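Me: I have a structure to learn from, and I want to know what stands behind each label. Let me ask, and please answer briefly.

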Amino acid sequence: MAWSIALACASVDDPVQAFRQGLVPDPDAAADLARRLYPESAILESGDTVLDFALWPYEDELFIGAYGDALVVCDRRLYDVDDQARTLADQIAAALPGSTCGVLVLHSVVSGCWFRWYAGDRPRRDVFVTAEDGVVVDLGERLAAEAPFWKAIDEGAPDVPLPFDYEEFGLALAREHLFGGGLTERRDDGFLPLELSLRRFKIRSPARLGRDSH
C-alpha cells in the first residue's frame, strides 16, 4: 500500500495507555491549538472526521485530535521537511507538556520518509531517507525500531539506492512510537488508530480573506 502521511502524534503516557478505545476528543482544545499554530489566519471549524481521512490534508486544511494527555495533528506543512516544518513540529511537541512526540511524513511520489522524535519537548532524533537519494538526514541517537533497517548500511552497503523500504521504515517507527501498534492494526482492546476522531479546520490567510470579501 502506498501511504501519504503528514502526521504528528504526542502522548504523556506510554502510547498503549494514552491511545485506547473510547477516547473523547476535546473540540475546544483542538480549536485553541489550531489558532496557536496559525495565529495570522482565520480558522474555521468544519466538522469531524477520522484519522483515516485526515492523514494527508489539503493545503488549506488542518486536522487535530486533542484527548487530554494525547494529541494528534495532521498538517500538510510538515511534508516540506524544511525549517518551517521543523518549527511546526517543535510547536506541536511543546503543546502537550511532559509528552513524547513523533512526526511521520510519508509520500508515495517522492518515495521518502521523515521521522522526528521528541522527548521532554526537545528533538532527539531527526531522520530523512528517500528511495533515490538514500540517507538525507541522520541526526541524533537512532531509535531501537530502526535497527533492522540500518544493518546493511552499517555493514558497508551503499545507501543509494536506499537498501530498505522507506515506507516499511516509517510504519515501523509509527508502530513503536506513535500509537503502540500499527496504523491499520486493531488492538485487543478494540482500539484502531485510523478510527480516531479528529476535528477538521479550514485555514484562511489574510490575503485570501481579503479576496473573499470582495
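The questions below go from the whole chain to single residues.

Me: What kind of model is this, and how are residues numbered?
Reply: This is a predicted model, where local features need pLDDT of at least 70 and side-chain atom pairs count only at pLDDT 80 or more, while totals for chains, interfaces and linings use all residues. Residues are numbered from 1 along each chain as its sequence is written, and side-chain values use heavy atoms, with hydrogens and water left out.

Me: How many helices and strands does the chain have?
Reply: Six helices and nine strands. Helices (H or I, at least four residues) and strands (E, at least two) are DSSP runs, numbered from the N terminus.

Me: Why is the chain called as compact as a globular protein of its length?
Reply: Its radius of gyration is 17 Å, and the globule rule gives 17 Å for 214 residues, so the chain is as compact as a globular protein of that length. The radius is taken over C-alpha atoms, and the rule is 2.2 Å times the number of residues to the power 0.38. Along its principal axes, the C-alpha trace spans about 60 × 45 × 30 Å.

Me: What share of the chain is buried?
Reply: Buried residues make up 50% of the 214 residues. Buried means under 20% relative accessible area, exposed over 50%, and partly exposed in between (1.4 Å probe, protein chains only).

Me: What share of the contacts joins residues 24 or more positions apart?
Reply: 64% of the contacts with a separation of 6 or more. Contact means heavy atoms within 4.5 Å.

Me: How many positive and negative side chains are there?
Reply: The chain has 21 positive and 37 negative side chains. Lys and Arg count as positive, Asp and Glu as negative, and His and the chain ends are not counted. The centres of the two sets lie 4 Å apart. Each charge is placed at NZ of Lys, CZ of Arg, CG of Asp or CD of Glu.

Me: Now Arg125. Why is Arg125 called buried?
Reply: Its relative accessibility is 1%. The limit for buried is under 20%. Arg125 is therefore buried. This residue sits in strand β7, residues 122-130.

Me: What makes the pair Arg125 and Glu146 a polar contact?
Reply: Their side chains are joined at 2.8 Å. A polar contact is a pair of N or O atoms within 3.5 Å; within protein, one must be able to donate a hydrogen and the other to accept it, and residues adjacent in sequence count only if both atoms are side-chain atoms. The side chain of Arg125 also reaches the backbone oxygen of Leu139 at 2.9 Å.

Me: Which residues does Arg125 contact, leaving aside neighbours within four places in sequence?
Reply: Among them are Trp117, Asp138, Leu143 and Trp150. Arg116 and Glu141 are also in the list.

Me: Is Glu141 buried or exposed, and how do you know?
Reply: Glu141 has a relative accessible area of 68%. Exposed means over 50%. Glu141 is therefore exposed. Glu141 lies in the loop between β8 (134-140) and α4 (147-154). Not counting residues up to four places away in sequence, Glu141 touches Arg124 and Arg125.

Me: And Arg116: why is Arg116 called buried?
Reply: Arg116 has 8% relative accessibility, so Arg116 counts as buried. Arg116 is found in strand β6. Its side chain makes a polar contact of 2.6 Å with the side chain of Tyr118. A polar contact of 2.6 Å also joins the side chains of Arg116 and Asp126.

Me: Why is Tyr58 called exposed?
Reply: Its relative accessible area is 58%, so Tyr58 is exposed. Tyr58 is in the loop between β2 (42-50) and β3 (61-66). Tyr58 and Lys202 are 144 residues apart along the chain, yet their C-alpha atoms are separated by 9.4 Å.

Me: Which peptide bond is cis?
Reply: The bond from Val160 to Pro161, with omega near -5 degrees. Pro161 lies in the loop between α4 and α5 (166-177).
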